[in-house]
Amino acid sequence: MKKYRYRRFTYEFKWEVLKQCLDGMSIFEVAKKYGVTEEDIQKWIRQSGIRDLLQSSKKPEERIRQLKRAYQRERQEKKNLIKLLLKMGK
């Protein structure tokens, strides 16, 4: 019976590979450059949650800015709700 050895990759390595995909290289090119399989890269994309960034028609930088603005709005709404609840409790 043949034993399979699973390769383990560091988070830094995975991020470097994903960064290349975000910069516009195809998954095939990145896999060939770094010596990993396309399936590994697809799995890392699913796990990292950057699929929307890769598929968006806008530039990734613009998408990141949009997500940051949405996050800030959510935080502000949460703060406002907490203030309102504290006032109602008095």
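**View 1. A positive surface patch formed by Arg-75, Lys-78, Lys-79, Lys-83 and Lys-87.** The model is predicted. Five residues' side chains are the subject of this close-up: Arg-75, Lys-78, Lys-79, Lys-83 and Lys-87. Lys-87 sits in helix H5. Lys-87 counts as exposed because its relative accessibility is 64%, and the cut-off for exposed is over 50%.

**View 2. A nonpolar patch on the surface, made of Leu-81, Leu-84, Leu-85 and Met-88.** Together, these side chains belong to residues with about 460 Å² of accessible area. Leu-81 is part of helix H5, which spans residues 60-89. Is Leu-81 buried or exposed? Leu-81 counts as exposed, because its relative accessibility is 53%.

**View 3. Trp-15 in helix H1 and its distance to Ile-45.** Helix H1 covers residues 11-22 and contains Trp-15. Trp-15 is partly exposed, because its relative accessible area is 46%. Ile-45 is 30 residues away from Trp-15 in sequence. In space, the two are 9.8 Å apart, C-alpha to C-alpha.

**View 4. The chain as a whole: 5 helices and 0 strands.** The pattern along the sequence reads α-α-α-α-α. The chain has 90 residues, and buried residues make up 14% of them.

**View 5. Confidence in helices H2 and H4.** Which helix has the lowest confidence, and which the highest? Helix H4, residues 51-55, is lowest, at a mean pLDDT of 67. Helix H2, residues 27-34, is highest, at 94. Across the chain, the mean pLDDT is 84. Of its residues, 88% reach 70 or more. Where pLDDT is low, the predicted coordinates should not be read in detail.

How values were computed
Residues are numbered from 1 along each chain as its sequence is written. This is a predicted model: local features need pLDDT of at least 70, side-chain atom pairs count only at pLDDT 80 or more; totals for chains, interfaces and linings use all residues. Side-chain values use heavy atoms; hydrogens and water are left out. Patches are made of residues with over 30% relative accessible area and no salt bridge: like charges are joined within 9 Å, nonpolar side chains (Val, Leu, Ile, Met, Phe, Trp, Tyr) within 5 Å. Accessible areas come from the Shrake-Rupley method with a 1.4 Å probe; for residues, only the protein chains shown count as cover. A salt bridge is a side-chain nitrogen of Lys or Arg within 4 Å of a carboxyl oxygen of Asp or Glu. Helices (H or I, at least four residues) and strands (E, at least two) are DSSP runs, numbered from the N terminus. Buried means under 20% relative accessible area, exposed over 50%, partly exposed in between (1.4 Å probe, protein chains only). pLDDT is the predictor's confidence in each residue, from 0 to 100. Lys and Arg count as positive and Asp and Glu as negative; His and the chain ends are not counted. The place of a charge is taken as NZ of Lys, CZ of Arg, CG of Asp or CD of Glu.
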